[in-house]
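Subject: Structure handover

Hello,

Here is the structure you asked about. My notes on its aromatic pairs and one of its helices follow below.

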Amino acid sequence: MTAAPSLLQTARALIVRDVQLLWRRRGDALQPALFALLVVVLFALGLGTSPQALSKVAPAVLWVAVLLAGLLSLDTLFRGDAEDGSLEQWILAPVPLAWLVLVRVLIHWATTALPLVLAAPLLLGEMLHLPRSELPMLLATLALGTPLLSLLGAVVAALTVGMRRSGILVALLALPLYVPVLVFGAGAVAASAQGLDASGALLWLAAGLLLSLLLAPLAAAAAIRIALT
């Protein structure tokens, strides 16, 4: 009798599969980063070339660019698995469905949001003349906020996985959940730039991330079960 796979073995197999699929669709993987670059360029063109004007709005613009780039790839989080029947296999797997959802969300964050977290301060921040003194706070807020966005978005993507052409609906449902993260993330950087204490906003982001790590996979798993039954 074959022993049931462990959680780590299941996670490793899912990671290998997703990385292989991502490598085959390398062009699609670059879309969020290119979209964020386009958003930053449009803001820079619209606000003019004044370094002072750009530096004032740089944290908010970078946060908006990262948020919109995440929305762009949100609909594909479970869509491919629903179309090829993999989600039904997830439900029948001898491991908790919430665990598979959590692994998928972490893979999605690592392949879409993490490159933006690394590129935003170095490349996109330079385009907007972001002061270097604000880089540590921006990195901290993005490191806490982007996985929170992915976890919240996973719940919305799971709710709409059974619908066709639900891209706009996913964005409309996710935006109200994303707004508090945007406010705390961009607000922390702005407060730090003014010499104010931004620890409160960071603590709220950290608390939201911990709570989402516990509850979002369970909610997304329940939504997937409902969508497929």
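The expected span of a helix is 1.5 Å times one less than its number of residues. The model is a predicted one, and helix 10, which runs over residues 199-227, can be checked against that rule. With 29 residues at 1.5 Å each, helix 10 should span 42 Å, and its end C-alpha atoms lie 40 Å apart, so the two values agree.

Helix 10 is bent, by about 40 degrees, at S212. S212 is also among the buried residues of helix 10, a list that includes L202, L205, L209, P217 and I224.

Now the aromatic rings. Two aromatic pairs are present in the structure. In one of them, the ring centres of F78 and W90 are 6.3 Å apart and the planes stand at 90 degrees; planes over 60 degrees apart count as edge-to-face, so this pair is edge-to-face. F78 sits in the loop between helix 4 (51-72) and helix 5 (79-83), while W90 belongs to helix 6 (residues 86-92), so the pair links distant parts of the chain, 12 residues apart. Both F78 and W90 are buried.

The other pair is F184 with W204: centres 6.1 Å apart, planes at 15 degrees, and therefore stacked. F184 is partly exposed, at a relative accessible area of 31%, whereas W204 counts as exposed at 58% relative accessibility.

Regards

Definitions and conventions:
Residues are numbered from 1 along each chain as its sequence is written. This is a predicted model: local features need pLDDT of at least 70, side-chain atom pairs count only at pLDDT 80 or more; totals for chains, interfaces and linings use all residues. Side-chain values use heavy atoms; hydrogens and water are left out. Rings of Phe, Tyr and Trp (its six-membered ring) pair if their centres lie within 6.5 Å; planes under 30 degrees apart count as stacked, over 60 as edge-to-face and the rest as tilted. Helices (H or I, at least four residues) and strands (E, at least two) are DSSP runs, numbered from the N terminus. Buried means under 20% relative accessible area, exposed over 50%, partly exposed in between (1.4 Å probe, protein chains only). The bend at a residue is the angle between axes fitted to the seven residues ending there and the seven starting there.
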